[in-house]
Amino acid sequence: MNSRMDNIARTQTWRPPVEILNPAGAGQVVILCEHASSFIPAEYKGLGLAPEDRQSHAAWDPGALALSEELSAALDAPVVAGKVSRLVYDCNRPPDVASAMPEKSERVNVSSNIDLSVEERRARTEAVYDPYCAAVSEVLDARGPDTMLVTAHSFTPVYFGQRREVELGLLHDSDSRLVGAMLSRSHELSHRRIARNLPYGPEDGVTHSLKLHALSRGLANVMIEVRNDLLSAPEDISRMCRDIVSLLAPSIEEFTMKENVTWPQA
């Protein structure tokens with residue numbers, strides 16, 4: 001067996017790289033959580049990371065899966081969750097960009113990702129990214145055109161030494177319809193610091209999943225970014241979930257009513 005096929009075959013001993021939660025969810029939303037896990041398969045020998053970095057925000061989005069699960073319960077929504085660390089492969093990046101398998105994340109060096117060969121990159125893509133995208137397509141293609149896509153992420157409160165004041169970011173690419181509807185209600189959450197396309201935006205390459213899975217299907221969408229110190233305890237996660245749903249649920253209803261209006265013929 002050649003090295004590429006041997007590498008792919010070894011992935012059969014992994015736990016699955018993707019999991020679908022609440023697959024029968026009948027709500028209008030599908031939730032993606034690309035960075036749900038810090039798990040690094042044994043064959044990668046920890047990617048050369050320092051032990052403290054293996055559970056850091058560089059390896060995953062702390063609190064994002066728990067938030068996704070609460071949103072799923074509130075909205076009766078399926079969740080497609082990535083189960084492998086984004087330092088092995090970042091499922092919110094296309095295979096042809098360096099950040100799909102980053103050599104460095106903020107100040108965390110990922111020595112095992114340096115100078116990966118074409119074959120090594122392809123093997124990781126086939127083992128992690130392709131199954132994740134296939135699972136997303138399976139869920140979305142089984143649903144109607146009024147489906148809306150939500151991606152759930154968390155971000156570190158301090159980045160390169162700079163404190164981030166934003167608590168809840170609502171991100172979009174070229175389709176801002178759902179984000180605009182949510183932001184129009186943000187005054188109702190005066191206790192939250194809410195912003196459009198912060199702490200990241202399309203220029204940072206973070207809207208890949210929105211473009212690939214939502215824009216390509218004409219689905220309204222939002223990428224939700226929550227500062228991870230606000231997701232540190234179950235009660236904090238529940239509080240954040242309630243706040244997000246208070247923006248999202250009425251926006252979905254309003255958006256759907258507008259889209260279903262039948263205008264009289266001239």
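How far is the sulfur of Cys91 from the closest cysteine sulfur, and which residue holds that one? It sits 6.6 Å from the sulfur in Cys133, which is too far for a bond. Keep in mind that this is a predicted model, where local features need pLDDT of at least 70, side-chain atom pairs count only at pLDDT 80 or more, and totals for chains, interfaces and linings use all residues. Residues are numbered from 1 along each chain as its sequence is written, and side-chain values use heavy atoms, with hydrogens and water left out.

**Cysteines**
- You'll find zero disulfides here, a disulfide being a pair of cysteine sulfur atoms within 2.5 Å.
- Cys91 is buried at a relative accessible area of 3%; buried means under 20% relative accessible area, exposed over 50%, and partly exposed in between (1.4 Å probe, protein chains only).
- Cys241 is in no disulfide either, as the nearest cysteine sulfur belongs to Cys33, 13 Å away.
- Cys241 also counts as buried, with 5% relative accessibility.

**Helix α3**
- Helix α3 covers residues 118-141 and has a kink of about 40° centred on Glu126; the bend at a residue is the angle between axes fitted to the seven residues ending there and the seven starting there.
- Helices (H or I, at least four residues) and strands (E, at least two) are DSSP runs, numbered from the N terminus.
- Buried residues in α3 include Thr125, Ala127, Tyr129 and Cys133.

**Thr151**
- Strand β6 (residues 148-155) is where Thr151 lies, and Thr151 is buried at 0% relative accessibility.
- Setting aside neighbours within four places in sequence, Thr151 is in contact (heavy atoms within 4.5 Å) with Leu32, Glu34, Ser209, Leu210, Val222, Met223 and Ile224.
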